[in-house]
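I opened a notebook page for this chain.

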Amino acid sequence: MKSIKMGKNPSSDAAAYKHAVSLLKAGELVAFPTETVYGLGADANNLMAVAKIFAAKQRPANHPVIIHIANIAALSHWVSEIPEVVYQLADKFWPGALTLILPAADHVAPIITGGQKTIGIRMPGHPVARKLLTLFDGALAAPSANRFGRISPTSADHVVEELSDTVDLVLDGGQCVLGLESTIIDLTSDKPRILRPGPISIDQISEVLGETLSTNQNNAPRVSGSLPVHYAPQTPMKIITADEIEEKLQQLLEQYNNIVVMSRKPYTSYFPHVTWQVMPENPQNYGQQLYAQLRNLDHLAFDLILVEELPHDNDWFAVRDRLNRAAAKVN
Ligand code: TXA
Ligand code: MG
């Protein structure tokens, strides 16, 4: 897999975009940065190309993919009906980390929708994603550029690690500034509801909607990110409260030889065979670093990742969601 650093100079950028667009037009896959996580893109109007995404990720065929668009005019091709609230949300949050689930236009293939009557649409904000979409002059179907069930990539190196044997090109746009996947809002049921918490908070969205967003997940359409064991590292993980750490460590050291603790506070007392990984104090920075840190700790081959529980306020909702899923893996 070729990884091309973007933003070095205009002529190498131009050559990289040209190469990426020609691959996409030829029905090949290109990985690209977004402000949330890296995406694995295919021409959304070429079903053979979209099928390659599923093969590369080893993703089950019934999981829908998000369509990435460059401008709001592109919506009408994909969607059968655009509720007024879409324009309000788009005005406020697009381009950005928000995916909207809308009624799919009749022509949209089941491989995109996962056989449902709805479609997920997002207008990403990363300059490389925007430029690529504009030059490609079409829409890109793009899930996160990781193998199914694994942690989403937040740098080009992660993409190489995940997909180097199946994908030819990744545009390297640096480390993702948000680091967690987009917030997904379903606008196809009676009331808007959140399917996946993300960088754009429930409070921000509720403010635009003028009503409190429902977090009811009952009868939710298929969202692979909502499977309990999604986003999991290989190393077993446990979440414990800050007060319990010392006591639990004593016990766990009888069972595990090499433990790392992810904590927002620095080391208090010394334990042999325990490594302390200090994490950021605020939810934005914590979210940005979470996946990279889990990947890093996986490489270091600890036999347990112990994570200090995060605050329960709304600001931490998305990070807590990902952490709980990562820890839900039964090893
Ligand atoms: O931040 C993001 O959203 C990243 C970047 C690359 O845009 N993409 C991403 O895609 O996270 P993916 O496929 O890894 O996760 C998208 C989620 C999936 O869990 C999928 O099931 C859900 O969106 N989804 C897509 N279309 C849907 C639909 N019509 N109804 C319900 N869920 C849908
Ligand atoms: Mg994903």
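I began with the charges. The mean positions of the 28 positive and the 34 negative charges lie 6 Å apart. I counted Lys and Arg as positive and Asp and Glu as negative, leaving out His and the chain ends. Each charge was placed at NZ of Lys, CZ of Arg, CG of Asp or CD of Glu.

I noted the ground rules next. This is a predicted model, where local features need pLDDT of at least 70 and side-chain atom pairs count only at pLDDT 80 or more, while totals for chains, interfaces and linings use all residues. Residues are numbered from 1 along each chain as its sequence is written, chains are lettered from A and ligands numbered from 1 in the order written, and side-chain values use heavy atoms, without hydrogens and water.

I looked up the secondary structure. The chain has eleven helices and 14 strands (DSSP runs numbered from the N terminus: H or I of at least four residues, E of at least two). The radius of gyration is 20 Å, close to the 20 Å of the globule rule for 331 residues, so the chain is as compact as a globular protein of that length (C-alpha atoms; the rule is 2.2 Å times the number of residues to the power 0.38).

I checked burial. Of the 331 residues, 54% are buried (under 20% relative accessible area, 1.4 Å probe, protein chains only).

I turned to the strands. Ten form an open sheet with mixed pairing, ordered E1-E8-E2-E3-E7-E4-E6-E5-E9-E10 (pairing takes at least two DSSP bridges). Strand E9 (residues 183–186) runs antiparallel to E10, joined by three bridges. Aspartate 186 stands opposite arginine 193 in E10.

How values were computed:
Buried < 20%, exposed > 50% of the residue type's maximum accessible area, 1.4 Å probe, protein only.
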